[in-house]
Amino acid sequence: MGMSKAMRQTLEQSGRAGVARGEAGRDPASDEACGPFREHQGTGSAMPRAGAGTLLEAALTRENLQAAWKRVKVNKGAAGVDGLDIEHTQRLLQTTWPRIRQELLEGKYRPMPVRRVMIPKPDGSQRELGIPTVTDRLIQQALLQVLQPLIDPTFSEHSHGFRPGRSAHDAVKAARAYVQSGKRVVVDVDLSKFFDRVNHDILMDRLCKRIPDKAALRLIRAYLNAGIMDGGVKVERHLGTPQGGPLSPLLANVLLDEVDKALQARGYGFARYADDCNVYVGSMKAGERVIAWLRKLYGKLKLQINEAKSAVCSALGRKFLGYELWVAKGREVKCKVAQKAMSTFKARIRQLTSRSAGRSMEQVVQRLRPYLLGWKAYFGLAQTPKVWRELDEWLRHRLRAIQLKQWRRGTTMHRELLKLGATPTVARHVAANGRCWWRNSAMALNTVLTLAWFDGLGLPRLS
């Protein structure tokens with residue numbers, strides 16, 4: 001039985017389906033977000049009608065839950081502290097959902113602690129994630145689909161992270177426009193462990209000003225107080241909104257919007273994506289004034305600026321969301337991939353194409369495909385065609401070396417190259433230098449393992 005059918009049956013059996021229990025009128029069920037003016041893939045929608053009940057009741061309607069379940073399934077994700085994955089949770093909810101829904105409406109539901117997962121970062125540090133159970137991810141997603149259309153229109157236009165219809169590309173484009181206009185100094189602010197230091201009382205105070213529903217506020221507070229399970233021990237938390245739950249990005253934007261509005265009121269040009277905020281000014285002196293003022297603003301929210309990663313400096317060459325800005329001919333400001341992001345890319349490619357992994361070339365390419373396509377999509381704003389070509393050449397050079405190592409012996413190389421259409425001279429030359437993997441994987445071999453050959457394997461081109 002599918003989740004949609006199960007939800008329909010359990011709600012009808014419990015006598016809670018329909019307008020009588022506050023079911024909100026909404027657009028046809030969808031797993032896409034419905035903002036006030038446009039649809040956006042990723043969050044869903046459930047705007048309640050006037051008189052149709054509370055926001056929490058709107059979140060728990062059949063259509064909204066179906067849309068939320070679709071989004072949870074698409075996002076996949078690991079099991080929480082209960083050890084139940086999506087399939088097991090689906091079967092369990094067929095019998096337990098009426099009780100859970102009643103507890104939610106009565107304010108008696110208590111979320112389970114999130115499971116702590118530490119994710120290594122390229123600089124050697126770790127990022128903490130909190131993985132809720134699948135049931136709690138469903139409830140959070142359903143609540144997000146009601147709250148986002150209500151709250152998002154009130155955010156600053158300079159905020160681009162985790163919002164319908166916005167992306168990191170919008171933040172980078174805004175940064176480029178500010179620098180092009182002559183604001184060549186950036187106040188680059190990095191908050192120290194932002195998601196771990198969110199003050200619950202301050203956040204709830206800001207939410208109370210935006211959400212006119214005490215039941216929804218109680219549920220959000222319950223999620224903030226759920227705690228973290230670490231090594232089988234529950235750790236109580238009075239600070240932080242651990243990354244990993246659907247609600248965390250929206251809550252972060254609610255808290256940081258106060259600083260956005262203050263910057264906007266003074267007419268500063270800035271771009272924010274999550275906890276990364278860049279303010280663009282015309283001089284170093286102005287930048288020093290801005291960062292001193294921001295320290296006070298963030299201090300009122302009990303947040304701390306990471307002084308080691310923050311700076312007032314030239315906007316050119318300063319990394320922002322993986323990009324750097326540079327000046328081309330005609331004084332046009334353009335984007336390129338930051339050096340750190342480029343190093344991370346090459347390190348990941350080396351990992352995915354390890355020559356000792358024992359996979360066929362087809363398997364290597366299939367493993368590369370999702371990473372290359374995702375990387376190309378994210379860095380599509382980069383205006384450096386020569387760099388893209390060089391990366392393509394480097395990657396194909398590496399794959400040719402892997403192919404030679406897989407053939408191993410000179411006789412095998414000679415035979416396989418002839419099968420691929422190599423001339424006897426080329427086949428003999430490559431086979432005679434069979435142990436020189438890297439040096440031998442260029443020049444003559446390029447005439448056999450060509451661009452068309454890699455295209456046939458399905459290897460994406462970056463250029």
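Student: How much space lies in the second largest cavity?

Tutor: Rolling a probe the size of a water molecule over the atoms shows where empty space is left. In this structure, which is a predicted model, the second largest cavity holds about 70 Å³ of space. On a 1 Å grid over the protein atoms alone, a cavity is a set of points where a 1.4 Å probe fits but cannot get out, and its volume is the space filled by probe spheres set on those points, which are joined across faces, edges and corners.

Student: Before I go further, what should I know about the numbering and the confidence limits?

Tutor: Residues are numbered from 1 along each chain as its sequence is written. Local features need pLDDT of at least 70 and side-chain atom pairs count only at pLDDT 80 or more, whereas totals for chains, interfaces and linings use all residues, and side-chain values use heavy atoms, without hydrogens or water.

Student: Which residues line the second largest cavity?

Tutor: A lining residue has an atom within 4 Å of a point. For the second largest cavity, these residues include Val172, Ala175 and Val186, as well as Asn278, Tyr280, Arg318, Phe320 and Glu324. Helix H6 (168–180), strand E9 (276–281) and strand E11 (323–327) each supply at least two of the lining residues, and the largest share, 3 residues, comes from E11. Helices (H or I, at least four residues) and strands (E, at least two) are DSSP runs numbered from the N terminus. Sorted by class, the lining of the second largest cavity has 8 nonpolar, 1 polar and 2 charged residues, where Ala, Val, Leu, Ile, Met, Phe, Trp, Tyr, Cys and Pro count as nonpolar, Asp, Glu, Lys and Arg as charged, and the others, Gly among them, as polar.

Student: How many cavities are there, and what volume does the largest cavity have?

Tutor: The count comes to 4 cavities of 30 Å³ or more, and the largest cavity has a volume of about 230 Å³. It is lined by 21 residues, of which Val114, Gln140, Tyr223, Pro242 and Ser248 lie nearest its centre. Helix H9 (214–224) and helix H10 (248–265) each give at least two residues to this lining, with H9 providing the largest share, 3 residues. The lining of the largest cavity divides into 12 nonpolar, 8 polar and 1 charged.

Student: How should I read a pocket, and what volume does the largest pocket have?

Tutor: A pocket is an open set of points with protein on both sides within 12 Å along at least five of seven lines. The largest pocket has a volume of about 1,600 Å³. It is lined by 39 residues, and Lys121, Arg127, Asp190, Asp276 and Lys319 are the closest to its centre. Strands E4 (126–131), E5 (185–190) and E9, together with helices H7 (194–197), H12 (339–352) and H13 (361–378), each supply at least two residues of the lining of the largest pocket. By class, that lining divides into 16 nonpolar, 9 polar and 14 charged.

Student: What volume does the second largest pocket have, and which residues lie nearest its centre?

Tutor: The volume of the second largest pocket is about 690 Å³, and of its 32 lining residues Asn75, Phe162, Gly245, Pro246 and Pro249 lie nearest the centre. Helix H3 (62–75), helix H5 (134–151) and H10 each give two or more residues to this lining, and H5 gives the largest share, 4 residues. The lining of the second largest pocket has 13 nonpolar, 14 polar and 5 charged residues.

Student: At what angle does H12 cross H13?

Tutor: The axes of H12 and H13 come within 10 Å and cross at roughly 165°, so H12 is roughly antiparallel to H13. Among the residues making the contact are Ala341, Thr344 and Arg348 of H12 and Val364, Leu368 and Trp375 of H13. By class, the contact of H12 with H13 has 10 nonpolar, 2 polar and 2 charged residues.

Notes
Axes are lines fitted to C-alpha atoms, for helices over the stretch in contact, and angles run from 0 to 180 degrees between N-to-C directions. Angles under 35 degrees count as roughly parallel, over 145 as roughly antiparallel, 65 to 115 as roughly perpendicular and the rest as oblique. Contact means heavy atoms within 4.5 Å.
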